[in-house]
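Work through the following exercises with the model at hand, and compare each solution with your own reading.

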Amino acid sequence: MKKVSALLLAAGHGTRLKPLTMNWPKCLMPIGKYPLLEYWLSNLYTNKIFDVYVNLHSHNEIVEQFLQRDRFSSWVKPIFEKELLGTAGTLLNLKEKFKNNTVLLIHADNWSVFNLNDFLNFHFNQRPDNCPITMMTFETNKPEQSGIVETNSKGIVTRFHEKIKDPPGNIANAAVYLIELKEIDQILKMKKITDFSTQIIPKLIGRIATWKNNNIHKDIGTKDILKTAQNDLKPNIYWHEKDNWYINFTKNPIHKLVKSV
């Protein structure tokens, strides 16, 4: 298995979650007792992925304080973007840092519970030939709000519909990918590439494998879905000690605000 580097996209404004995001970043919204981003980082650490980048923009000072904790400081690297580069722009900006590694690209403001080891094993040992990308998918009950995929008998993406009315199905792009960058180098060299879903995926139709998350995957971009996520069965966090950041987090007004929406 090749070395894996992870890029967590956590810079968004969380506009649909206002007023919750007026003073607190979307990526650190509480899911039960812990912030969303901590679940992602715990899953990476448990699976021995120690080369991790997190892009920052909205409320970047708060997210930087979270990442400066002892449990993260030696292996998680914050990347501040003065202006948002877009989901593909951030990947391109860091391309040289990934060298020959496989890249795990994560939209880290989604709430996702899944077996990362199984996802990795599929990409490295089971994905169809000539597929430089494995896309995580999930079943959605609001297909018009998601990127819907159609696949062939091998699970390879044959069509992709990004947030259209009356999409042909409910299997959606979870915006979590394993990517062999060297194999899509020509696409990445194109000018003005900023968005992964609308600019890169369409150019790779027929070359994207899929792996379905049958557990939990939710876009917590709305207050209602964020509230429902509080009742989900949550994975264990790797770190058991309660440091100062965590103690302060438990006292943060954001918990009461989430419960009251």
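Predicted model: local features only at pLDDT ≥ 70, side-chain atom pairs only at ≥ 80, totals over all residues.

Residues are numbered from 1 along each chain as its sequence is written, and side-chain values use heavy atoms, with hydrogens and water left out.

**Exercise 1.** Determine how the radius of gyration of the protein chain relates to the globule rule.

Solution. The rule, applied to C-alpha atoms, is 2.2 Å times the number of residues to the power 0.38. For 261 residues a compact globule would have a value near 18 Å, and the protein chain has 18 Å, which agrees.

**Exercise 2.** Classify the ring pair of tyrosine 34 and tyrosine 246, and locate both residues.

Solution. Rings of Phe, Tyr and Trp (its six-membered ring) pair if their centres lie within 6.5 Å, and planes under 30 degrees apart count as stacked, over 60 as edge-to-face and the rest as tilted. By this rule there are 22 aromatic pairs. In the pair asked about, the centres are 5.2 Å apart and the planes stand at 35°, so the pair is tilted. Because tyrosine 34 belongs to strand E3 (residues 34–35) and tyrosine 246 to helix H9 (residues 244–250), the pair ties together parts that are 212 residues apart in sequence; such helices (H or I, at least four residues) and strands (E, at least two) are DSSP runs, numbered from the N terminus.

**Exercise 3.** Decide whether tyrosine 34 is buried or exposed.

Solution. Buried means under 20% relative accessible area, exposed over 50%, and partly exposed in between (1.4 Å probe, protein chains only). At 14%, tyrosine 34 is therefore buried.
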